[in-house]
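Q: I've got a model open and I'd like to learn how to read its helix packing and its sheet. Can you walk me through it?

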Amino acid sequence: MSFFTTSDGLPLFYEESGTATGTPLICLAGLTRCGRDFRYFSPHAQHYRLITLDARGRGQSDYDPKFGNYNVPREAQDVLELMDHLDLAKAAVLGTSRGGMVAMMLAASAKSRLSAVILNDVGPVIPADGIERIMMYVGRRPAAKIHAKAAETLAGLMGPDFGDVPAQRWREEVEVFYEATPEGLQLRYDPRLRDALLEQAKSGPPLFLALEGVPCGIIRGANSDVLSRETYLEKQQRLPGIKAVELPNRGHVPFLDEPQSLSLIQSVLESI
C-alpha cells in the first residue's frame with residue numbers, strides 16, 4: 001500500500017502497476033469513485049506505468065476536515081504533488097468524469113507536465129439533467145441494506161443505457177461503491193463531498209481549450225447524460241486534432257475495457 005502526504009498534510013492513497021519503464025499514465029476516477037474504477041482497464045494496460053490515485057476524501061485516502069478543499073483546482077494540485085513525489089517530470093492523464101475535469105485544470109495550470117490527456121465521458125459543460133441525477137445520490141447512503149439488493153437497483157437504473165452489461169458487473173460495481181456493515185451499506189467516500197458541490201455550484205468549469213497542443217482523446221458513451229453529443233461534436237470542431245470515439249450501449253461512464261476505448265487510449269499514447 002502506498003501513500004504520500006500533500007502540502008496541506010493529507011495522506012492520499014495511490015497504486016502503481018504495469019511496467020516501470022513504460023509511459024507514465026495517471027488514472028483519475030469520477031466524483032465519488034476511487035482508483036478501483038480502473039480495474040477493468042488495468043489488465044489491458046500492463047505495458048504502461050499505470051498509476052491510480054484515490055482523490056482526497058475517496059477510497060483509501062484521508063477525508064479532508066475542510067470540505068471546501070474538495071474542488072477541482074486543489075485536486076489538480078494533488079496530482080502535481082503526486083508526480084513530484086514519484087519524480088515524474090511529465091505524465092499522461094486518463095480522467096473519468098470528475099477526473100477529466102481535473103485533467104483539464106492541469107492543462108490550464110501546468111500544461112508542461114502533461115504528455116497526453118484522455119477524457120472519459122466528460123466535457124466543459126454538464127447538462128442540467130446530468131447534474132440533477134448526480135445530486136440525487138451524492139452524499140447519500142443507498143436505501144438497499146445489502147449488496148445484492150443495491151445491485152438490482154443499480155441494474156434497473158443503469159441497465160437501459162448499458163444494454164450488453166451482465167448482472168455480475170453491477171454487483172461488482174456496488175461492492176466498490178459501498179462497504180457492507182452491520183448497519184447497512186456505507187459510502188466509500190466523504191459524504192461532505194455533497195456540501196462541497198453545493199457550495200461550488202456557481203463555479204465555472206475548467207477551460208477545455210487549454211488542451212490545445214496536448215495529444216488528447218475523448219470517449220463518450222452514446223447514452224451519456226453528462227457529456228452531450230452536441231458538446232462531444234463541438235470539442236472535435238474546436239480541437240481538430242483530438243481523437244474521439246462514441247460507444248454504443250454505454251451511458252455515463254464507459255468501463256474502459258471496451259475494444260474501442262482501448263484502441264483510442266493506445267492511439268493517443270502512441271502519439272506522444
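Q: In which hand does α4 pass α5?
A: This is a predicted model, by the way. Here α4 crosses α5 in the right-handed sense.

Q: What describes a pair of packed helices?
A: You give the angle between the two axes and the distance between them. In this case, α4 (residues 147–158) and α5 (residues 167–177) pack at about 115°, and their axes are 8 Å apart. Angles from 65 to 115 degrees count as roughly perpendicular, so α4 and α5 are roughly perpendicular to each other.

Q: Which residues make the contact?
A: On the α4 side, look at H147, A148, A150, A151, L154, A155 and M158. From α5 come W170, R171, E173, V174, E175 and F177. Sort the residues of this contact and you get nine nonpolar, one polar and three charged.

Q: Now the sheet: in what order do the strands run?
A: It's an open sheet of eight strands, ordered β1-β2-β4-β3-β5-β6-β9-β10, with mixed pairing. The edges are β1 (2–5) and β10 (243–247), each pairing on one side only. Ignoring direction, neighbouring strands are turned by 20° against each other on average.

Q: How do β9 and β10 pair?
A: β9 (residues 216–221) runs parallel to β10, and five bridges join the two. For one of the partners, find G217: its bridge partner in β10 is K243.

Q: And which strands does α8 touch?
A: Helix α8 (residues 259–270) packs on the sheet against β3, β5, β6 (114–120), β9 and β10. The direction of α8 makes about 175° with that of β10.

Technical notes. Residues are numbered from 1 along each chain as its sequence is written. This is a predicted model: local features need pLDDT of at least 70, side-chain atom pairs count only at pLDDT 80 or more; totals for chains, interfaces and linings use all residues. Side-chain values use heavy atoms; hydrogens and water are left out. Axes are lines fitted to C-alpha atoms, for helices over the stretch in contact, and angles run from 0 to 180 degrees between N-to-C directions. Helices (H or I, at least four residues) and strands (E, at least two) are DSSP runs, numbered from the N terminus. Angles under 35 degrees count as roughly parallel, over 145 as roughly antiparallel, 65 to 115 as roughly perpendicular and the rest as oblique. A crossing is left-handed if the near helix is turned anticlockwise from the far one by less than a right angle, and right-handed if clockwise. Contact means heavy atoms within 4.5 Å. Ala, Val, Leu, Ile, Met, Phe, Trp, Tyr, Cys and Pro count as nonpolar, Asp, Glu, Lys and Arg as charged, and the others, Gly among them, as polar. Two strands pair if DSSP finds at least two bridges between them.
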